Amino acid sequence: MYARPAAATTAALLGGIALILPTASAHAAEHDEPLVIAHRGASAYAPENTLAAVDLAADMGFRWVENDVQRTKDGELVVIHDDNLKRTTNVEEVFPDRAPWKVADFTTAEIARLDAGSWFGPEYAGARVPTLKQYMNRLSHNHQKLVLEIKKPELYPGIEQQTLHVLRNEGWLDRAHVSSKLVIQSFSAQSVQTVHALRPDIKTGFLGTPATADLPKYAEFADQINATHTSISADYVSAIHALKGPHGKPLEISTWTVDSAANARRAAGFGVDGIITNAPDVVRSAVTED
């Protein structure tokens with residue numbers, strides 16, 4: 001069973017925040033063009049959310065990746081998009097009597113037995129669902145940066161505190177990482193607010209397209225409004241940029257999931273700050289064309 005982190009852990013997560021606020025230079029240095037973020041790694045070319053996908057993104061020259069976090073039955077954080085294991089692993093073969101194959105119903109050891117690559121292609125047979133710790137270690141090895149999505153936090157009470165605990169233990173809550181290498185986002189405004197309350201120095205993003213009139217409320221706790229590309233316009237992006245987020249910098253937008261050159265050029269034309277994509281090479285080529 002999972003237990004909420006102790007008060008001492010929460011206090012430790014809050015320690016030192018006044019000295020680690022994100023810097024303006026980090027924003028300016030990476031926004032000459034829209035920032036290209038590899039969605040679940042280079043997931044058009046390798047099985048999503050696996051170490052192979054982030055390695056491939058690194059090999060392609062992409063420093064920013066996005067991932068998803070869920071929690072196992074025995075309280076370990078693992079990197080997987082869905083709240084069940086059926087789509088991206090062979091769980092039906094290994095555990096045929098365990099339907100509906102929810103992540104929360106399997107231990108970390110059981111999940112480690114699953115093949116998370118063969119569904120994508122035989123060359124990825126044997127790829128595993130990584131734990132968050134394993135994933136963070138690989139990003140550090142690759143010198144990559146992370147947009148981390150907390151998935152369905154309503155299923156996992158305390159997952160915000162636990163995520164921060166893992167990040168801290170793996171060295172991702174120091175000045176260098178917090179200032180320019182980490183964003184935590186969620187579709188849950190409450191979850192984003194929780195992260196902001198625990199570590200107000202960390203850059204946060206809300207996933208969704210709030211009404212323009214509601215944007216000031218989100219700007220109190222979110223540095224980014226990360227909306228699907230089909231839901232935005234130049235006017236909406238301008239409305240976002242007109243506001244300041246909790247760190248006193250202009251509110252940002254990274255839009256998703258953009259996989260075609262035409263949609264990439266369209267989003268870039270709106271003035272978005274980042275583009276989240278399964279095909280980062282396609283987007284990079286599109287937004288850097290003369």
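A residue is buried when its relative accessible area is under 20%, exposed when that area is over 50%, and partly exposed in between (1.4 Å probe, protein chains only). At 10% relative accessibility, H229 therefore counts as buried.

This is a predicted model: local features need pLDDT of at least 70, side-chain atom pairs count only at pLDDT 80 or more, and totals for chains, interfaces and linings use all residues. Residues are numbered from 1 along each chain as its sequence is written, and side-chain values use heavy atoms, leaving out hydrogens and water.

Confidence comes next. pLDDT is the predictor's confidence in each residue, from 0 to 100. The protein has a mean pLDDT of 91, and 89% of its residues reach 70 or more. Over residues 1-12 the pLDDT is below 50. That stretch still has 16 contacts beyond near neighbours in sequence, a contact being heavy atoms within 4.5 Å. Residues 15-32 also stay under 50, with 31 contacts beyond four places in sequence. Where pLDDT is low, the predicted coordinates should not be read in detail.

Return to H229. It lies in the loop between strand 7 and helix 11. Helices (H or I, at least four residues) and strands (E, at least two) are DSSP runs, numbered from the N terminus. Leaving aside residues up to four places away in sequence, H229 touches T255, W256, T257, V258, N263 and R266. S254 is 25 residues from H229 in sequence and 9.0 Å from it in space, C-alpha to C-alpha.

Helix 11 spans residues 234-241, and its buried residues include Y236, V237, A239 and I240. These four sit on the same side of helix 11, because they cover an arc of only 155 degrees around the axis. The arc is taken from the directions from the helix axis to the C-beta atoms. The buried residues pack against helix 10 (215-218), strand 7 (224-226) and helix 12 (261-270).

Now the nonpolar cores. Such a core is a set of buried Ala, Val, Leu, Ile, Met, Phe, Trp, Tyr and Cys residues joined through side-chain atoms within 4.5 Å. The largest has 68 residues, of which L146, L167 and I184 touch the most other members. A second, separate core has six residues, among them L35, I37, W64 and I276.

E110 is in helix 5 (residues 108-112). Its side chain makes a polar contact with the side chain of R98 at 3.1 Å. A polar contact pairs N or O atoms within 3.5 Å; within protein, one must be able to donate a hydrogen and the other to accept it, and residues adjacent in sequence count only if both atoms are side-chain atoms.
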